[in-house]
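Please open the structure in your viewer and keep the sequence panel beside it. The tour below says what to select at each stop and what is there.

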Amino acid sequence: MPLRFVHVSDIHLLDLQGVRPWHYLNKRITGRVNLALKRRRGHDEQIFDRAVEHGLALGAERLVVTGDLSNLSLPSEFAHVRRRLASIGLPVTVIPGNHDAYTKGVVRDNLFDLHFREFMDGERVDGDFPFVQRFDEVALIGVSTAVTSLPLYATGTVGRDQLERLDAVLARLGEQHVVRVVLIHHPPVAGVAKARHDLRDLDAFGEVIARRGAELILHGHEHRNLDTILPGPGGAVPVHGIASGTSRSQRPGHEAAFSLYQVDRHRIHRELYTWNGTSFARAHV
Ligand SMILES: [Fe+2]
């Protein structure tokens, strides 16, 4: 049976209810300024609702969100996003992005995991990332790049330990001829991310893919639709980035978008849908 799912990313759902000024100490000062100036105007939660509705109408069986569910990692935001995702009428898979690890306290207290564990269930080694969700002959492999970065930076890191676990997972699933779909927030291809927004250990990630392979890699973070590749042992591995699922932008390639994937052992079929200001429409890939 194929796995049919919708891929969205960087939905940045906002909820400032109950927030007090002292929550904005440290990095959140710059984050809030950025939020006030850009995100409030730039994103619309209702566009996400329309993407989900459209995906459901197209027969999607799952929603995959590749990070940046929140803006400031506030508990109120996480609770808000969790409620929304739990009510959409589809099973959900999520991974965290840099906005979901906004301060050291959020990471120390494991807040993302506490709120979204039910959407990241599956096999784990030592209880840590990556997690593996198996659907017959297809597996979603959720990688975390979410680390707290300096103000005005939005970098990510997979980390040596996680890369070792990922290497073993990809090798094992590859031997079993499982279709491996890797989910990662930051683009893992050199030269794609803006300065100070990059994946710090993308070379090491690329070495794992070159050695073990994968059938598809999905990411977000850049708020634009991207098609790149990474070398794999059996040829090029497609790497697809999707724009923000709530963006109001009408700049070509930066409009809100979602992809519908149908994946089985024989093929990976993708349809891209972009927001034209009033509705989602199929776009040429
Ligand atoms: Fe991001």
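Two strands count as paired if DSSP finds at least two bridges between them. Helices (H or I, at least four residues) and strands (E, at least two) are DSSP runs, numbered from the N terminus. The model is predicted, so local features need pLDDT of at least 70 and side-chain atom pairs count only at pLDDT 80 or more, while totals for chains, interfaces and linings use all residues. Residues are numbered from 1 along each chain as its sequence is written, and side-chain values use heavy atoms, with hydrogens and water left out.

**Stop 1: the hairpin**

Select strand 5 (residues 128-135) and strand 6, which run antiparallel and are joined by five bridges. Q133 has L140 of strand 6 as its bridge partner. Two residues lie between the strands of this hairpin, and D136 there takes a positive phi near 55°.

Now select F129 and P130. The peptide bond that joins them is cis, with omega about 0°, and P130 belongs to strand 5. Most residues other than glycine have a negative phi, and most peptide bonds are trans.

Next select D126, in the loop between strand 4 (123-125) and strand 5. D126 is not a glycine, yet its phi is positive, about 60°. Is D126 buried or exposed? D126 is exposed, with a relative accessible area of 72%. Here buried means under 20% relative accessible area, exposed means over 50%, and partly exposed is in between (1.4 Å probe, protein chains only).

**Stop 2**

Five of its five residues are buried, so strand 6 is largely enclosed by the rest of the structure. V138, L140 and G142 are on one side, A139 and I141 are on the other, and both faces are covered. In a regular strand the side chains alternate between the two faces of the sheet.

Strand 6 and strand 7 run parallel and are joined by five bridges, and G142 stands opposite L183 in strand 7. Right-handed means that, with the strands pointing away from the viewer, the path from the first strand over the helix to the second runs clockwise.

**Stop 3: strand 8**

Strand 7 and strand 8 pair in the parallel sense over three bridges, with L216 as the bridge partner of V181. The chain gets from strand 7 to strand 8 through helix 7, and this β-α-β crossover is also right-handed. Strand 8 pairs with strand 10 too, in the parallel sense over three bridges; there H219 stands opposite G241.

Which residues of strand 8 are buried on each side? L216 and L218 are buried on one side, and I217 and H219 on the other. Select L216, which has a relative accessible area of 0%. L216 and V181 are 35 residues apart in sequence but 4.8 Å apart in space, C-alpha to C-alpha. Leaving out residues up to four places away in sequence, what L216 touches includes V181, V237, P238 and Y261; contact means heavy atoms within 4.5 Å.

**Stop 4: helix 7**

Select helix 7 (residues 202-212), where the buried residues are L202, F205, G206, V208 and I209. Seen down the helix axis, these fall within an arc of 155°, so they line one face of helix 7. The arc is that of the directions from the helix axis to the C-beta atoms. G213 follows helix 7 and has a positive phi, near 80°.

**Stop 5: the cores**

A nonpolar core is a set of buried Ala, Val, Leu, Ile, Met, Phe, Trp, Tyr and Cys residues joined through side-chain atoms within 4.5 Å. Select F5, L63, L85, V94, F116 and V181, the residues with the most contacts inside the largest core, which has 46 residues. Another core, of 26 residues, lies apart from it and includes A139, L166, I209 and L230.

**Last stop: the whole chain**

Show everything. The chain has seven helices and 13 strands. Of its 285 residues, 56% count as buried. Along its principal axes the C-alpha trace spans about 55 × 40 × 35 Å.
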